[in-house]
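The exercises below are meant to be worked with the sequence and the coordinates side by side. Try each task before reading its solution.

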Amino acid sequence: MKILTCILSLLFLLTTRQEDARYAGERSRMVETQIAARGITDQATLRAMGKVPRHLFVPPSYASEAYSDRPLPIGYSQTISQPFIVAYMTQLARPEKGKKALEIGTGSGYQAAVLAEIIDTVYTIEIVPELAREATARLKMLGYNNIKTRYGDGYRGWPEKAPFDIIIVTAAADHIPEPLKEQLAEGGRLVMPVGNPATVQQLIVLTKRKGKITEQRLEPVRFVPLKRLK
Ligand code: SAH
């Protein structure tokens, strides 16, 4: 069984290498034309977006569209965000080595991987069990040992691992969950789409300084709704 797993992993890695070579051009064009050209200047974010193999985070039938300028379906009525939005939220979170992040809405695991290229540890929670399982397997296969995944309702955050320097919520609600505000570290930043989950939201950045929270309202965005476990 172990040998079979090794052989499969090796085959996967070889395929990944070939695909990487094929998709590398598309990826650097994506960074140049969709991300840098639209004002993302954080070097760590640009580097991470240029590194993470996005084509391995979408269903195989969408791999050839992985670097296009739009969100894509990942099954279970969920989507992987448009590359620019991932880069924008990453830059807004001010990722740096030494920081610890919490993501709500693992989805494909792509946003978590982008963060994990820059910071120390990423904790991520997904409410759809199948997506949680798939993302966990994918991130493990790609060697992201600094990402800890969990199935559950992210509304409550991950109190055992709090506080977090960065909290990114990649699903929309009409308010910011109180437990997430509580789990934000001193000097931390929380990025989340807030508004009508069925239509349009606004990207909000919360900053905690000396225990006081300040809010900044940014661009209009569209995310899938934040669900709740009954
Ligand atoms: N960040 C993802 C895309 C997010 S799509 C990526 O990079 O691919 C939003 C995800 O949030 C979906 O997978 C959805 O199932 C999940 N979600 C919705 N409500 C949630 C909740 N309460 N807790 C955790 N995950 C949730």
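Is D153 buried or exposed, judged by its relative accessibility?

The model is a predicted one, in which local features need pLDDT of at least 70 and side-chain atom pairs count only at pLDDT 80 or more, while totals for chains, interfaces and linings use all residues. Residues are numbered from 1 along each chain as its sequence is written, and side-chain values use heavy atoms, with hydrogens and water left out.

**Exercise 1. Classify D153 and find its partner.**

Solution. Begin with the classes: buried means under 20% relative accessible area, exposed over 50%, and partly exposed in between, with a 1.4 Å probe and protein chains only. At 5% relative accessibility, D153 counts as buried. Next, apply the salt-bridge rule, which asks for a side-chain nitrogen of Lys or Arg within 4 Å of a carboxyl oxygen of Asp or Glu. D153 forms such a bridge with R228, the closest N and O atoms being 2.9 Å apart. The pair links distant parts of the chain, since D153 sits in the loop between β5 and β6 and R228 in the segment after β9 (212-221), 75 residues apart. Helices (H or I, at least four residues) and strands (E, at least two) are DSSP runs, numbered from the N terminus. Finally, R228 is partly exposed, with a relative accessible area of 39%.

**Exercise 2. Check the length of helix α5 and work out how its buried residues are arranged.**

Solution. The expected span of a helix is 1.5 Å times one less than its number of residues. For the 13 residues of α5 (residues 129-141) this gives 18 Å, and the end C-alpha atoms are 18 Å apart, which agrees. The buried residues of α5 are L131, A132, A135, R138 and L139. Seen down the axis of α5, these buried residues fall within an arc of 135°, taken from the directions from the helix axis to the C-beta atoms, so they line one face of the helix. An α-helix has 3.6 residues a turn, so residues three or four places apart point the same way.

With contact meaning heavy atoms within 4.5 Å, the buried residues of α5 pack against β1 (72-75), β2 (78-80), α4 (110-116), β4 (121-126) and β5 (147-151). The face of α5 turned away from its buried side carries the exposed residues R133 and K140. Just after α5, G143 takes a positive phi of about 85°.

**Exercise 3. Locate E182 and relate its position to that of G157.**

Solution. E182 is found in helix α6 (residues 178-182), and its relative accessible area of 58% makes E182 exposed. E182 and G157 are 25 residues apart in sequence, and their C-alpha atoms are 9.2 Å apart in space.
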